[in-house]
Amino acid sequence: MSFLRRRSATPAGPDFDVLAMDPGDWPGNLGAGLLPAPDGSCQGVFLRYDLFGGRGPAMIIGNLPEGSPARETADDEVPFEVAQLLLALENDEEITVVGVEDMPVMQGDNLMIVRRLKLSESRISCVQFDRSDNVLVTIAAWDRPITDDLYALLKPLPAELFQQG
């Protein structure tokens with residue numbers, strides 16, 4: 001997959017392509033956050049898609065490169081993106097991972113192994129997959145299932161979206 005590669009030049013934002021849904025394809029509000037390391041490098045990007053008119057996000061998509069501290073979780077601990085979703089929804093419930101299921105999914109001509117996380121809060125859907133450049137993509141959605149159709153909408157976003165100006 002040609003879009004799953006590191007960029008040769010380092011932009012002002014992340015040094016990897018961010019795989020998400022194009023903001024132009026999403027009818028609601030979009031917010032983006034960068035996870036900076038002390039040395040200024042980017043330790044991840046998460047995008048927050050809001051369909052609820054400012055009452056909280058419908059979905060968060062995270063892209064965390066290898067070595068990002070946000071990737072390190074205990075077996076029953078929720079991923080960073082789920083924690084961000086709960087924080088944005090002002091939900092302080094204790095949520096844990098209660099099961100994981102691996103499933104094959106086609107994205108174009110490519111086969112991905114997607115980990116579907118089952119959480120103690122049934123209104124949250126969460127899936128993860130590894131890209132060929134070792135970036136972990138996590139999708140967390142509130143009160144809507146994540147279907148195979150969503151993977152067809154994922155594409156790299158332009159670096160200009162993350163440059164400071």
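Author: In this predicted model, pLDDT is the predictor's confidence in each residue, from 0 to 100. The protein has a mean pLDDT of 83, and 87% of its residues reach 70 or more. Over residues 1–12, however, the pLDDT is below 50, and this stretch has 30 contacts in the model beyond near neighbours in sequence, a contact being heavy atoms within 4.5 Å. Local features need pLDDT of at least 70, side-chain atom pairs count only at pLDDT 80 or more, and totals for chains, interfaces and linings use all residues. Residues are numbered from 1 along each chain as its sequence is written, and side-chain values use heavy atoms, with hydrogens and water left out.

Reader: Why is L136 called buried?

Author: Buried means under 20% relative accessible area, exposed means over 50%, and partly exposed lies in between (1.4 Å probe, protein chains only). L136 has a relative accessible area of 7%, and is therefore buried.

Reader: Where does L136 lie, and with which residues is L136 in contact?

Author: L136 belongs to strand β8, residues 136–142. Strands (E, at least two residues) and helices (H or I, at least four) are DSSP runs, numbered from the N terminus. Leaving aside neighbours within four places in sequence, the contacts of L136 include N63, L64, R115 and Q128. N63 stands 73 residues from L136 in sequence, yet their C-alpha atoms are 5.6 Å apart.

Reader: What makes β5 and β6 a pair?

Author: Two strands pair if DSSP finds at least two bridges between them. Strands β5 (residues 97–107) and β6 (residues 110–119) are joined by 10 bridges and run antiparallel. Within this pairing, M103 has V114 of β6 as its bridge partner. The two strands form a hairpin with 2 residues between them, and G108 in the turn has a positive phi of about 65°.

Reader: How many bridges does β6 form with β7?

Author: Strand β7 (residues 124–130) pairs with β6 in the antiparallel sense over 3 bridges. R115 is opposite Q128 of β7, and 4 residues separate β6 and β7 in their hairpin.

Reader: Which residues of helix α1 are buried, and what covers them?

Author: In α1 (residues 80–88), the buried residues are F80, E81, V82, L85 and L86. Their cover includes β2 (29–36), β3 (42–50), β4 (59–64), β6, β7 and β8.

Reader: Why do C42 and C126 count as buried?

Author: C42 counts as buried because its relative accessibility is 11%. C126 is likewise buried because its relative accessible area is 1%. The structure holds 0 disulfides, a disulfide being a pair of cysteine sulfur atoms within 2.5 Å.
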